[in-house]
Amino acid sequence: MALQERKEMGDNNNSTGTDVSQNMTIYINNLNEKIKIDELKTSLHAVFSQFGKILEILAFKTLKHKGQAWVIFEDVQSASNAMRQMQSFPFYDKPMRIQYAKTKSDIIAKADGTFVPREKRRRHEEKGKKKKDQHDANQVGVGLTPAYGGAYGTTPSQLQIPYPGGVKSMVPEAPAPPNNILFIQNLPNETTPMMLQMLFQQYPGFKEVRMVEAKPGIAFVEYGDEMQSTGAMHGLQGFKILQQNSMLITYAKK
């Protein structure tokens, strides 16, 4: 993202939000400044992708932009729903403050045809595009993304379910009966307990998340009772924290 665009989008600091029209980009502040940028972006994607397709998430290390981020959706409705439902949501122990961004991001301007390239960027962008096209062409047929979780080199046969008896399959032969603990599979390696907590605590009765350090890609989520766990299962079944990984949720076997 260009320095000029960062400067313009940073003007949201001085906005009350009441004079900004609805658009596809939401501006978020009051974010926990101790969170690393990569983790922050992944966590924001995990929380906001439930509202619609996300085109880009912007966050910067500079002092002026600490504690802030921009989430760019594909359509206005998604951005509006996200802002309405996630306003004051406790994100890393701090309530998020959300409003529409004041300035249209480059990615949206390019999509709707209103983008005007800045002179200093033109040659650089053309060179960058050629390199990207060449890189994309080199990737064709390589098969870096298998149909299931391949972004991290895992296949169903490699995943182990920590159920008694050492069953080694994606789905137990005898599914566990409904209970208050959910078993989550096919999580990306970047997943942290806090990311899962932010997702699952949106459903009533949430108690805690437990991850198994020796077995990345799985977790257990506990609720007060089986009705509450079932509601969360239905709400988040197939949810993608990252584009390549759809969560598989079943009841844990006790």
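Me: What makes it a link between distant parts of the chain?

Reply: Tyrosine 27 sits in strand β1 (residues 25-29) and tryptophan 70 in strand β3 (residues 69-73), 43 residues apart. Both tyrosine 27 and tryptophan 70 are buried, too.

Me: And how do you know that phenylalanine 48 and phenylalanine 51 form a pair, and of which kind?

Reply: Centre to centre they are at 6.4 Å, and the limit is within 6.5 Å, so they count as a pair. With 50° between the planes, this pair is tilted. Phenylalanine 48 and phenylalanine 51 are both buried.

Me: Which rings are linked into a cluster?

Reply: Tyr27, Phe60 and Trp70, joined by ring pairs.

Me: Now the confidence. What is the average pLDDT of the protein chain?

Reply: It averages 77, and 65% of the residues score at least 70. Over residues 1-8, though, the pLDDT is below 50, and that stretch has 17 contacts in the model beyond near neighbours in sequence. Residues 14-18 are also below 50, with five such contacts. Where pLDDT is low, the predicted coordinates should not be read in detail.

Me: What is the phi of serine 88?

Reply: Its phi is near 70°, a positive value, and the residue is not a glycine. Most residues other than glycine have a negative phi. You'll find serine 88 in the loop between α3 (76-86) and β4 (90-91).

Me: Why is serine 88 called partly exposed?

Reply: Its relative accessibility is 47%. Buried means under 20% and exposed means over 50%, so serine 88 falls in between and counts as partly exposed.

Me: What about asparagine 186: buried or exposed?

Reply: At 5% relative accessibility, it is under the 20% cut-off, so asparagine 186 counts as buried. It has a positive phi of about 65° although it is not a glycine, and its place is in the loop between β7 (181-185) and α6 (193-200).

Definitions and conventions
Residues are numbered from 1 along each chain as its sequence is written. This is a predicted model: local features need pLDDT of at least 70, side-chain atom pairs count only at pLDDT 80 or more; totals for chains, interfaces and linings use all residues. Side-chain values use heavy atoms; hydrogens and water are left out. Helices (H or I, at least four residues) and strands (E, at least two) are DSSP runs, numbered from the N terminus. Buried means under 20% relative accessible area, exposed over 50%, partly exposed in between (1.4 Å probe, protein chains only). Rings of Phe, Tyr and Trp (its six-membered ring) pair if their centres lie within 6.5 Å; planes under 30 degrees apart count as stacked, over 60 as edge-to-face and the rest as tilted. pLDDT is the predictor's confidence in each residue, from 0 to 100. Contact means heavy atoms within 4.5 Å.
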